[in-house]
Amino acid sequence: MDTSTQRRIVIIGGGISGLATALALKRVAKNTALNIQPIIFERQGPESYHEHTISDNSSPAQFYVLWRWVIDLLREMGLGHRLARIARPVVTFKSVDSDTNEQLVTWPPVDALSTTTDPITDNLPMGDPLLPPMVGVRRVDLLRLLMIALTEEGDESIQKEARANAEKSSMSGKDNVVDFSAVDGANNADGKEEVEGLEADMARGDWFVREKFLERIPYLCMGYELSSFIISASSGLVSARFANDHVEVCDMLIGADGINSKVRELIGSDRYPPQHAGAFICHGITRMGLPLPFDAPTELPDGTVIQPLTPEDIRELVSDGASTSTLGRGLSIGIANLGNGNIGWNIVAAQTEEGQHLRDWVEQKRRNAVSKAVLRTSRLTSPTHMTATVSMMETVRLRDEPESDSTGQDTDVADDTMAKLEGRTKMPLPPRDGEAIGTQPTAFELQLRAQLAERASQIFDSPHIVSMEIPKHVEGMYYVRGSDARGIALKLITNGVLNVPAAVHALIARTDPQSTIAMDVMDMADRWLDSYTSPQFHPGRIMMIGDAAHPIATNAHNGSVGAGLAIADGAALAGLLAKYFAPVGAGVNGRNGEVAISLGAELSGEASKAGNVQMATLADAEAGGAGQATSPGSLETGGLYAGHMEMGSDDVTLFQQLGQEFDSLRTSVCNQVMREARYEGGWDRTENTWFRSLLRLSYKYTPTTWVKASYATRLTRGGVRLPDERLRPLAVATFPPKQIN
């Protein structure tokens with residue numbers, strides 16, 4: 001077989017997971033001479049990448065708090081220095097019980113950095129200690145950074161910076177060191193002079209269109225919605241058909257299309273839909289460097305005046321390099337300092353059914369709107385009449401909307417206006433002063449009834465009231481954006497469950513509504529995928545990664561594990577493609593005789609040693625050394641493309657082995673994280689406090705060894721690790737790897 005044949009890889013979804021996968025493929029192709037071409041198909045248009053637009057098809061999160069294992073991967077992709085400018089290190093995290101003000105969790109543990117010798121935990125892998133434990137970053141800034149790296153001009157600048165830093169840090173004995181603490185933030189942060197083009201660090205406004213990314217990335221296709229795919233029984237090639245009738249033939253199709261994945265729907269015959277995780281979440285980002293939004297509320301729902309938010313409040317609430325969460329009964333809030341004047345927050349609330357909090361909010365809004373409309377009437381001015389009006393306002397029933405028959409007419413409202421009034425208010429008109437109940441109404445009362453009915457009809461059928469519909473169940477979930485989302489957040493945070501400072505109210509109130517969304521929390525912890533490929537028919541040809549494979553429930557205290565797993569999935573898949581299909585002896589940048597690629601996975605439990613994928617040097621291959629696979633698809637030893645071919649394998653077998661190996665590397669750890677995220681949110685799904693009690697006991701009485709081990713797991717789980725420092729799977733630097741004696 002001609003190893004120079006180009007492999008076409010179709011990626012469905014242009015979010016974080018899709019872009020990261022494309023970049024990982026680009027890196028391994030350059031480093032191993034693998035002839036591969038990724039093509040990204042995103043169903044939405046360019047407007048979905050606007051700074052204040054939230055893509056319905058991908059993660060709704062406005063910001064991420066990424067753990068060290070994700071930071072390490074982004075650094076290996078060459079993005080470390082640009083990431084350091086748009087992100088802020090999170091070096092401390094604490095979680096507090098709202099009822100008792102007790103500290104439930106502290107990262108790093110108090111004794112984790114002590115000099116006391118511990119034979120059990122001292123040798124635990126914790127990743128590169130020169131990297132911060134976590135970083136906070138806006139999602140839109142990370143999206144833009146990945147896109148910059150996918151352009152020729154932007155990637156050239158990134159590589160130049162990586163090489164310069166490597167030369168600068170070579171004397172320290174460590175390649176590609178990224179000092180997050182030494183970076184002075186983004187060059188176009190709020191309050192700084194504007195920087196235009198790809199040299200700007202942060203995404204601003206309509207950055208995608210303004211900076212012409214659609215032209216700069218020719219293999220990014222917008223407005224292509226997948227409708228179906230067919231796998232050839234003979235060749236295994238995949239034909240993907242889109243809603244606009246475009247057909248793309250490829251060697252592999254990767255579903256990176258988010259929690260409402262079309263790929264998962266097709267491959268699983270719609271048997272694995274997103275599942276309600278028993279919670280509701282509000283996301284938002286407050287930009288401290290901007291003036292107060294013009295529509296910022298000045299009072300809380302209970303009438304309390306919202307005090308101004310000062311820099312001192314922010315330092316006390318969440319200082320630079322800090323992240324906090326407060327846990328209450330069925331409610332929690334997490335706050336992170338994202339740097340560059342941005343404070344990210346999320347509120348997670350328990351709910352028993354989908355859309356519960358959103359329906360309550362809309363119904364309350366409609367009641368308030370009816371109240372204002374009724375009180376504005378000028379026809380009913382007497383105390384008795386006003387009493388009737390107010391009673392109508394307070395007893396109005398809004399939950400049950402009229403149903404329509406086949407003719408489109410309302411069937412639950414009588415033709416006469418009196419029935420409309422009484423039917424909607426469930427209230428008879430009160431008698432006149434001194435008149436017994438049940439007395440025949442006078443002509444005046446009949447006239448008053450008619451006026452009330454007419455006014456009620458105007459109120460209830462007005463476009464303003466009718467437009468306040470219950471949020472629709474769109475793309476598998478209920479959600480709202482903007483000022484409604486901010487209003488729900490303020491309503492939740494002031495319901496008396498959480499004991500938080502007044503500065504938290506001010507923080508949410510001054511959030512730009514364009515950067516706010518509220519929605520149900522969804523995952524697949526009840527019914528998950530046992531395979532992220534099509535195990536029964538041409539495994540390895542259709543792959544799923546990120547939220548398409550394992551959507552993670554968001555909690556206020558577990559970081560953005562879902563986004564991290566998505567990035568790691570893409571890196572692992574790129575490495576496996578290089579393992580099975582790169583030419584023999586292809587070294588870094590195609591130079592024979594140098595180390596090419598290694599890829600592994602940091603798993604938990606019995607699988608923690610699996611996943612070392614190794615490409616050997618040409619000299620090793622000629623000598624039958626490390627690069628010679630002892631068995632097809634071995635997890636412990638590498639498998640060269642040509643080595644497999646010598647065993648009589650073909651593309652079908654190679655893709656099958658690739659799919660099986662990817663499953664062995666990712667399904668165990670990702671599904672476990674997904675289930676644990678649901679369980680960790682147990683305190684947030686019910687009104688009891690069993691999980692908080694468990695955390696309290698753990699923090700107070702659990703041995704330090706266990707606490708340290710738990711922290712080490714957080715820093716490494718789910719990531720892609722390098723078993724040998726000489727092996728650099730994704731690095732862009734063109735200098736030879738450091739020699740290890």
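**Figure 1. Salt-bridge network in the predicted model.** E51, R138, D141, D190, R204 and R287 are linked in a network of salt bridges. The model shown in this and the following views is a predicted one. E51 counts as buried because its relative accessibility is 9%, with the cut-off for buried set at under 20%. R287 is also buried, at a relative accessible area of 11%. For the structure as a whole, the count comes to 30 salt bridges.

**Figure 2. Salt bridge between D201 and R85.** Side chains of opposite charge can pair when their charged atoms come close. In this view D201 forms a salt bridge with R85, with 3.1 Å between the closest N and O atoms. The partners come from distant parts of the chain: D201 is in the loop between α5 (152-169) and α6, and R85 is in helix α3 (residues 80-86), 116 residues apart. D201 is buried, with a relative accessibility of 3%. R85 has a relative accessible area of 19% and is therefore buried, given a cut-off of under 20%.

**Figure 3. Salt bridge between D99 and R329.** The closest N and O atoms of D99 and R329 are 2.8 Å apart, and the two residues form a salt bridge. D99 lies in the loop between β5 (92-97) and β6 (103-107), and R329 in the loop between β14 (322-328) and β15 (331-339), so this contact ties together parts that are 230 residues apart in sequence. D99 counts as partly exposed at 40% relative accessibility. R329 is partly exposed as well, with a relative accessible area of 37%.

**Figure 4. The second largest cavity.** The structure holds ten cavities of 30 Å³ or more. The second largest cavity contains about 140 Å³ of space. Its lining is made of 15 residues, and the closest to the cavity centre are H50, E51, T53, Q62 and V140. E51 is also a member of the salt-bridge network in Figure 1. Helix α4 (residues 139-150) gives the most to the lining, with three residues. Sorted by class, the lining has six nonpolar, six polar and three charged residues.

**Figure 5. Helix α2 and the glycine that follows.** Helix α2 spans residues 68-76 and is mostly covered, with eight of its nine residues buried. The buried residues are R68, W69, V70, I71, L73, L74, R75 and E76. Just after α2, G78 takes a positive phi of about 90 degrees.

**Figure 6. A22 in helix α1 and A574.** A22 is placed in helix α1. A22 is buried, with a relative accessible area of 0%. The C-alpha atoms of A22 and A574 are separated by 8.5 Å, although the two residues are 552 residues apart along the chain.

Figure 7. A33 is not a glycine, yet its phi is positive, at about 60 degrees. A33 is found in the loop between α1 (16-32) and β2 (36-42). With 39% relative accessibility, A33 counts as partly exposed. K212, likewise not a glycine, has a positive phi of about 55 degrees. The loop holding K212 runs between α6 (207-210) and α7 (213-216). K212 is partly exposed, at 49% relative accessibility, since exposed requires over 50%.

**Figure 8. Nonpolar surface patch around L237.** L237, V247 and V249 make a nonpolar surface patch of about 190 Å². L237 is located in the loop between β9 (226-231) and β10 (238-242). The relative accessible area of L237 is 31%, so this residue is partly exposed and passes the patch cut-off of over 30%.

Key: Residues numbered from 1 in each chain as written. Predicted model: local features only at pLDDT ≥ 70, side-chain atom pairs only at ≥ 80, totals over all residues. Heavy atoms only, no water. 1 Å grid on protein atoms, 1.4 Å probe; cavity = no way out; pocket = protein on both sides within 12 Å on 5 of 7 lines; lining within 4 Å. Points joined across faces, edges and corners; volume = space filled by probe spheres on them. Helix = DSSP H or I, 4+ residues; strand = E, 2+ residues; numbered from the N terminus. Nonpolar A, V, L, I, M, F, W, Y, C, P; charged D, E, K, R; others polar. Patch = residues over 30% accessible without salt bridge, like charges linked within 9 Å, V, L, I, M, F, W, Y side chains within 5 Å. Areas by Shrake-Rupley, 256 points an atom, 1.4 Å probe, with all protein chains shown as cover. Salt bridge = Lys/Arg side-chain N within 4 Å of Asp/Glu carboxyl O. Buried < 20%, exposed > 50% of the residue type's maximum accessible area, 1.4 Å probe, protein only.
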